[in-house]
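Hi everyone, thanks for coming. Let me put the structure up, and then I'll talk you through it.

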Amino acid sequence: MPTAIAVTSPDLVLPPTDPQTPLAALLQSPDAQPLDAALVDMHRLLEQHGYVIAFCPASLSAAHEQRLHTVRSLLETDRITLIKSDLPPLGLAILVRQLRQLSVCDFSPGVIASAARLLSHYIHAGAVLNSVTRLERVPVGLTAHARSWMPGSQFAVLANPRPQLVKIGAAATPTGPDFACDMLLAQGGAGADWVTSSLAPAWGVRAVQESALPSDSAAWWGTGKVTEFAAYLPDIAVLYQLVASVRREQCRWCAMELIGDRCGFCASRQPGEEEPDVPHGAAALGPVPASAYRARPLTRAERRRAIAPGP
């Protein structure tokens, strides 16, 4: 069975692109599901799939995040990983679908989990906003803030992979991807026509699909008058080749397979080729060097001995 992909909101489960793409499991909030039911559901996922990769937005409520950690702790398993993402809601939904596509391929759970960081760099996620006065996740200059108060102003904001902000109406558009891509559009009352008539052609988008606006979009972008868009790699063959082309290694801490410099399961950073291997596990319990104590304040007795005259 493929590795299970789980999410914390139904908005993160986009329709599958083909019959082979599995759905994602929904990890409900404490308000919607009691703890014992959550434990049963997670245990069933582990029994059916072996490993669970759970994605959640960085803005997830503290209670919901605590529930996820509690379930993992009570099940006493290291086969569940929780991946928090700063991507906008629509971009995160695309990333989750891409990982769902790859979950049926011949990649190990560790490679799939660590591939999330790699694939996020190929998602150009942004929005059209009528105002940037409450936008906190992308740097906004004083000029843009002042223009937000002008009637009829609209802005194109790119949050990933590099923050950009341009005023709609000028000749400039945000710098887009340098690869063939599709675009997903979620209309929310601001600038959808500009996205399809100006931005998509400028980016060389092959096809534009539409989706419902995620419920978290207004909070993420700081305004309810928002239209989200995201350009991405739609072809499973390209995604597979992209992940398969990266050298695989074994995590120095948990022994899971990974790509990149950070384990997708235990989140430990892997030492580079020029860096010494950091001791871990039993090796980390060896003798402590004397230099580790240099910053320790001397006790009163030690100070008296230090200043006492010699024999």
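What you see is a predicted model, so let's begin with confidence. The mean pLDDT of the protein chain is 84, with 82% of its residues at 70 or more.

Now the helix pair. How do α1 and α2 cross? The axes of α1 (residues 35-49) and α2 (residues 62-75) come within 10 Å, at roughly 65 degrees, and the crossing is right-handed. From α1, Leu35, Ala38, Leu39, Met42, His43 and Leu46 meet Arg67, Thr70, Val71, Leu74 and Leu75 of α2. That contact has 8 nonpolar residues, 2 polar and 1 charged.

On to the cavities: the search of the whole structure finds 3 of 30 Å³ or more. The largest holds about 100 Å³, and α1 and α2 each supply at least two residues of its lining. Ala38, Met42, Arg67 and Val71 are among the lining residues, as are Leu26, Gln28 and Asp41. By class, that lining has 6 nonpolar, 2 polar and 2 charged residues.

The second largest cavity holds about 70 Å³. Its lining includes Asp11, Pro57, Asp216 and Trp220, and counts 7 nonpolar, 1 polar and 2 charged residues.

Note on methods. Residues are numbered from 1 along each chain as its sequence is written. This is a predicted model: local features need pLDDT of at least 70, side-chain atom pairs count only at pLDDT 80 or more; totals for chains, interfaces and linings use all residues. Side-chain values use heavy atoms; hydrogens and water are left out. Axes are lines fitted to C-alpha atoms, for helices over the stretch in contact, and angles run from 0 to 180 degrees between N-to-C directions. Helices (H or I, at least four residues) and strands (E, at least two) are DSSP runs, numbered from the N terminus. A crossing is left-handed if the near helix is turned anticlockwise from the far one by less than a right angle, and right-handed if clockwise. Contact means heavy atoms within 4.5 Å. Ala, Val, Leu, Ile, Met, Phe, Trp, Tyr, Cys and Pro count as nonpolar, Asp, Glu, Lys and Arg as charged, and the others, Gly among them, as polar. pLDDT is the predictor's confidence in each residue, from 0 to 100. On a 1 Å grid over the protein atoms alone, a cavity is a set of points where a 1.4 Å probe fits but cannot get out, and a pocket is an open set with protein on both sides within 12 Å along at least five of seven lines; lining residues have an atom within 4 Å of a point. Grid points are joined across faces, edges and corners, and a volume is the space filled by probe spheres set on the points.
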